[in-house]
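Trainee: I have just opened this one and would like to go through it with you piece by piece. Could we begin with the strands and then move on to the side chains?

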Amino acid sequence: MDIKVEHSVHSRKFTKTGTQRNMLGTLLSHNGSVIKEFNSYERADRLSLKDIIDASGMGSLDDISDSPNGNNKPFRRKGCLLIVTIFYQNILSSMLGTTPLSYTYSVERVPYTPHRVEEIIPMVTPSYWNSKVPLNSVTAEERYTNPQHRLLRKRYGVHIKFVQSGAIGQFSISHLLQCLATSMSLITLITTVGDIIALYLLPQSKYYRDVIYGMQEVILLITLNLKLI
């Protein structure tokens, strides 16, 4: 069974818009490897149920279900819930964040979650077909359906939900300067803390202090002698 998927993305902040018809996409497995690539423009993506199950890492529908009331029945008999996440991005291969939009499909199975759909089917009984009640006294629904006799049909299967997310960005000079200023401040703070620990807290802090300040005195003395000469 194949599933046709069409989706789009829009970023209000960066005014970036795209659909799967003009983007490159990949289907990733649960360990990050590429299962399938989508690069055919002007067509909807086709995901087979087998590809989605393989990407989730659940194995097969014939594996034993982990639902609380599974009773050692397989997923085929108890159903399961799969979450397909569509992740958009444009910041992987460029430091300026100007690469074309792309997307990935990743699948995750929700554990301990079966899925079933209950369908109630009204039953038509012979007594109603052979009823002597005049046709003008009851409606057709009341005449040919008996509310006391119903068929409850439970259908188990794979429930697939699609979720969209992403990380879309663009180059910002103000953000770059902010990061540089924060980095320089952290470097200065680390240097100051390291000097305090080495000079006053370590067991051999006196030796470090003598070496550091002694070297400064020697350098100062040499400089003064050179000036006097």
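Mentor: Let us start with Cys80, which stands opposite Val158 in β11. Before going further, note that this is a predicted model, in which local features need pLDDT of at least 70 and side-chain atom pairs count only at pLDDT 80 or more, while totals for chains, interfaces and linings use all residues. Residues are numbered from 1 along each chain as its sequence is written, and side-chain values use heavy atoms, with hydrogens and water left out.

Trainee: OK, and how many bridges join β7 to β11?

Mentor: Ten bridges join strand β7, residues 80–89, to β11, and the two run parallel. Strands here are DSSP runs of E with at least two residues, helices are runs of H or I with at least four residues, and both are numbered from the N terminus. Two strands count as paired if DSSP finds at least two bridges between them.

Trainee: What order do the strands of the open sheet have?

Mentor: The open sheet has five strands in the order β5-β4-β8-β7-β11, and its pairing is mixed. The edges are taken by β5 and β11 (158–167), each with a single partner strand, so one side of each is left without a neighbour in the sheet. From one strand to the next the twist averages 20 degrees, where axes are lines fitted to C-alpha atoms, for helices over the stretch in contact, and angles run from 0 to 180 degrees between N-to-C directions.

Trainee: And how many helices and strands does the protein have?

Mentor: The protein has six helices and eleven strands. Of its 229 residues, 24% count as buried, meaning under 20% relative accessible area, whereas exposed means over 50% and partly exposed lies in between, with a 1.4 Å probe and protein chains only. Among contacts (heavy atoms within 4.5 Å) between residues at least 6 apart in sequence, 60% join residues at least 24 apart.

Trainee: Switching to rings, how many aromatic pairs does a search of the whole structure find?

Mentor: The search finds three aromatic pairs. Rings of Phe, Tyr and Trp (its six-membered ring) pair if their centres lie within 6.5 Å, and planes under 30 degrees apart count as stacked, over 60 as edge-to-face and the rest as tilted. One of the pairs is Phe38 with Tyr105, which is edge-to-face at 5.5 Å centre to centre and 80 degrees between the planes. Phe38 lies in strand β5 and Tyr105 in strand β8, so the pair ties together parts that are 67 residues apart in sequence.

Trainee: Are Phe38 and Tyr105 buried or exposed?

Mentor: Both Phe38 and Tyr105 are buried. Tyr105 also forms an edge-to-face pair with Tyr103, at 5.4 Å centre to centre and 85 degrees between the planes, and Tyr103 is buried as well. Ring pairs link Phe38, Tyr88, Tyr103 and Tyr105 into a cluster.

Trainee: Now the charges: how many salt bridges does the structure hold?

Mentor: There are seven salt bridges, each defined as a side-chain nitrogen of Lys or Arg within 4 Å of a carboxyl oxygen of Asp or Glu. One of them joins Lys36 and Asp51, at 3.9 Å from N to O. That pair links distant parts of the chain, with Lys36 in strand β5 (residues 34–38) and Asp51 in helix α1, 15 residues apart. Lys36 is partly exposed, with a relative accessible area of 29%, while Asp51 is buried at 16%.

Trainee: Which residue does Arg155 form a salt bridge with?

Mentor: Arg155 forms one with Glu119, the closest N and O atoms being 2.9 Å apart. Arg155 is in strand β10 (residues 146–156) and Glu119 in strand β9, 36 residues apart. Both ends are partly exposed, Arg155 with a relative accessible area of 42% and Glu119 with 31%.

Trainee: What about the phi of Tyr112?

Mentor: Tyr112 likewise has a positive phi of about 60 degrees without being a glycine. Tyr112 is found in the loop between β8 (102–109) and β9 (116–123), and Tyr112 is exposed, with a relative accessible area of 57%.
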